[in-house]
Amino acid sequence: MKRIKPVIFILIALVAGFLIRGCFSTSSPTPSDSLASSLKPKTSIYTCSMHPQIKLPKAGKCPICFMNLIPLESGSDEGGEREISVSPYAAKLMEIETTEVIREFMSAEVRMVGKVDYDETRVTYISAWVPGRIDRLFVDYTGIPVKKGDHLAELYSPELLTAQEELIQAVQTLEKLKDSNSSMLLETAKQTIVASREKLRLWGFTADQVAGIEARGTPDDHMTIFSPESGIVIHKNAKEGQYLQIGSQIYTIADLSTVWIQLDAYESDLNWLRYGGQVDFTTETYSGKTFSGTISFIDPVINPATRTAKVRVIVENPTLKLKPGMFVRAIARPQVAEGGRVMDPALAGKWISPMHPEVVKDGPGSCDVCGMPLVTAESLGYVSKTEENAPLVIPVTAALKTGKRAVVYVEIPDQEKPTYEGREVDLGVRLGDFYVVESGLKEGERVVTRGAFKLDAELQIHAKPSMMSATSEEPRAGSREHQHGDTMPQAMITPEAFSKQLGAVVDAYFEIQQSLAGDSPVKAKAAAAAMTEKLGQVDLGLLEDDGHMVWMDHLNNLNAATGKLVKAATIEQQREVFYSLSQQLAQTLKTFPVQPPVYQAFCPMAFDNTGATWLQQNNKVLNPYFGAMMLHCGEIQETIGASK
């Protein structure tokens, strides 16, 4: 016990010493202590690359698109308000690509539908020039082709007999007076003959008929009516034995060697159509054959019901393949110049007839058909092919559109790091894969054509102004305004039976959408075949006039898309075709509404961040472009068919 007590006292003393040192020590922490403190984990904030407004303290899934959250790293906020700099390695990861802003003539595509019609300038009306009775019709049914000079009918008229007698007597009188010394009597007799001949000519007698009457010295009891022009008899208005008055119509003959194509052009497309412009078109009868014609007239009045204007195209038809009444689908490809003008290299510096656009000459002169003075192509709205007339254009993928606003990212040259500036621009019309730039860019600048959405997301993460900084009242990408012009499709009133049949087509489309969202290419293919079948069951006879023609255009586009979808070999190809089908069906349902309404959804990440739309039965997002990978990525953009 005596040995243990000293040890206990020593231990107590040591503990007390350490406690006293810890309480009263004022020395600073060692370097090892600071290093340990710096290695302690800091609290991180996690955000979504697609929805930067989401900020959570823990890693997980985005509550909107269900993508994995990423750490929100703190960093310097360098550059201007809308500038963003990234490292070369980050630029490669973002797969950023740029394209130079250029001036180049681009072709617009104006699609129209219409019918073949008679050329009114080549329609001839055969009528009675004197009262009489039709005793014989040589052409006794419509559809007969006739040539100029063919006999058509025989007419008996007492007045013609009297006129012939006057001519015969005048000739006989002159014969009797040939030995007379009275010059006055001879001159009077000659003038009487001239007047009698002219009277018969005005009543329809040919020069040969008049000469025959003079030679025979006896009148004809019947007058033969000859065809003044070649063509097809399209109307037979008289019957044998019928008594006619002056002006009574007997036949109507149409020369079909030239025909008109009467097309309907949307109001938003009229700016690109010009008198003298070329139009290509196809018909159902001659599948795969393309015909061409020249615009000869653009109606100055808009149809208030369809918001279209009539465009007349004149077409040479020497083989008579084109027949009046045929449905046609036409497309014009004018080359757009600066300021909404049109450039046609074939008409540069040319002179055109204002009445007959097929008459084009190298210099001033008169029209070979009507004799009117020729006018310059420039006076009709054409410009020459020069660099200053070419519009400023950028690829469609460079523009991030949110209705009225459009943002592009411009590469800033001569920087240490890849640096880009977000810039709002004014865009004009879309021409295929390009937009015309009205203002905001200069020729030679480089714009981001791939990865722009990622740069925009970076700006949002750094709380800088971006594409989504302001709201817009205009439709978002995927709407008709995004694709072509500012005019929405005009809704048409359709019978209830037609709406039900179209509703069955929409139900088949929903099967495709749900199959792709479920990653099932087999079901999607079967649903596409079912949609094709439903399209074939839609009764065209339920629509009339303009509605019939508009539906024909929609039907052909829908059938083309479903046919490609059935033939698609992979689900990736199916999804690409499905996007085209979705765009077309959206336009169809805006033109031919059905009930209940459908929902149009939009995913900005589809197709490598270019974005795509689709239609749904309800407002629960089921993404057909990603399937289970990002099933709920997207948002409802529009309700089609909802009552307003």
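Is phenylalanine 607 buried, exposed or partly exposed? With a relative accessibility of 30%, Phe607 counts as partly exposed, where buried means under 20% relative accessible area, exposed over 50%, and partly exposed in between (1.4 Å probe, protein chains only). The model is a predicted one, so to speak of local features takes a pLDDT of at least 70, side-chain atom pairs count only at pLDDT 80 or more, and totals for chains, interfaces and linings use all residues. Residues are numbered from 1 along each chain as its sequence is written, and side-chain values use heavy atoms, with hydrogens and water left out.

Phe607 sits in helix α13 (residues 606-609) and has a positive phi of about 55° although it is not a glycine. Glu95 also has a positive phi of about 55° without being a glycine. Glu95 belongs to the loop between α3 (88-93) and β5 (97-100), and its relative accessible area of 37% makes it partly exposed. One further backbone detail is the cis peptide bond from Gln595 to Pro596, with omega near 0°; Pro596 lies in the loop between α12 and β35.

Zooming out, the chain has 13 helices and 37 strands, taken as DSSP runs numbered from the N terminus (helices H or I, at least four residues; strands E, at least two). Buried residues account for 41% of the 644 in the chain. Of the contacts (heavy atoms within 4.5 Å) between residues at least 6 apart in sequence, 68% join residues at least 24 apart.

Leaving aside neighbours within four places in sequence, Leu589 is in contact with Leu502, Val506, Val594, Val598, Leu615 and Ile640.

Strands pair if DSSP finds at least two bridges between them. Strand β17 (residues 258-266) runs antiparallel to β20 (residues 308-316) over 9 bridges, and Val259 has Val315 in β20 as its bridge partner.
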